[in-house]
Amino acid sequence: MRHRGDGAPQVYASIKNPLSFSRSNLSAGEWPYKTNCASCHGAYGEGGGAAGKDLRYEPATRAFVVDKWIATDGFLIWSIAEGGEKLKTDMPAFEKALAETER
C-alpha cells in the first residue's frame, strides 16, 4: 500500500472533514468521543485515560497532533477508521463502529 508524505494511504489523500466547525457539530461529537476515545486519550484529548495506561504505546494527545505533519484530515480520518495496527499502536479500528461523521 502506497502512503503519502503524511503517512496516510493514497486513498485518504484528498479526504477532508465533511463537517464544518460549529458549536452543534462539536456537541454532536462529544458523545462518540466520550464513549470510544476518552478512556485512552483523556476527557479532552490531553492523555491520561485509564485504559491507555496499560497499552504498549501512550495514546496520542491533542498537543502531540496540533501543528504536526499528521494534523491533516486524511491522516486523522485514516487513523481513526483503520486503527493503529498500521501505525504500530494499539488503537482499535473504528470504521465499522462509528459513522463517517462520528469519525
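In what order do the elements of the protein run from the N terminus on? They run α-α-α-α, with four helices and zero strands in total. Helices here are DSSP runs of H or I with at least four residues, strands are E runs of at least two, and both are numbered from the N terminus. This is a predicted model, so to speak a computed one: local features need pLDDT of at least 70, side-chain atom pairs count only at pLDDT 80 or more, and totals for chains, interfaces and linings use all residues. Residues are numbered from 1 along each chain as its sequence is written, and side-chain values use heavy atoms, with hydrogens and water left out.

Now for the overall build. For 103 residues, a compact globule would have a radius of gyration near 13 Å, and the protein agrees, with 13 Å. That radius is taken over C-alpha atoms, and the globule rule is 2.2 Å times the number of residues to the power 0.38. Along the principal axes, the C-alpha atoms fill a box of roughly 35 × 35 × 30 Å. Of the 103 residues, 27% count as buried (buried is under 20% relative accessible area, exposed is over 50%, and partly exposed is in between, using a 1.4 Å probe and protein chains only). As for charge, there are 13 positive and 13 negative side chains, with the centres of the two sets 3 Å apart. Lys and Arg count as positive, Asp and Glu as negative, while His and the chain ends are not counted; each charge is placed at NZ of Lys, CZ of Arg, CG of Asp or CD of Glu.

Next comes the inside. The largest nonpolar core is made of eight residues: A8, Y12, V65, I70, F75, I77, W78 and A81. Helix α4 (residues 73-82) gives the most to this core, namely four residues. Such a core is a set of buried Ala, Val, Leu, Ile, Met, Phe, Trp, Tyr and Cys residues joined through side-chain atoms within 4.5 Å. Skipping residues up to four places away in sequence, V65 touches A60, I70, A71 and L76, where contact means heavy atoms within 4.5 Å.

T61 sits in the loop between α2 (38-41) and α3 (62-65) and counts as buried because its relative accessibility is 16%. Beyond its neighbours within four places in sequence, T61 is in contact with G45, E46 and G47. A43 also lies in the loop between α2 and α3, but A43 is partly exposed, at 43% relative accessible area. Leaving out residues up to four places away in sequence, A43 touches Y33 and A38.
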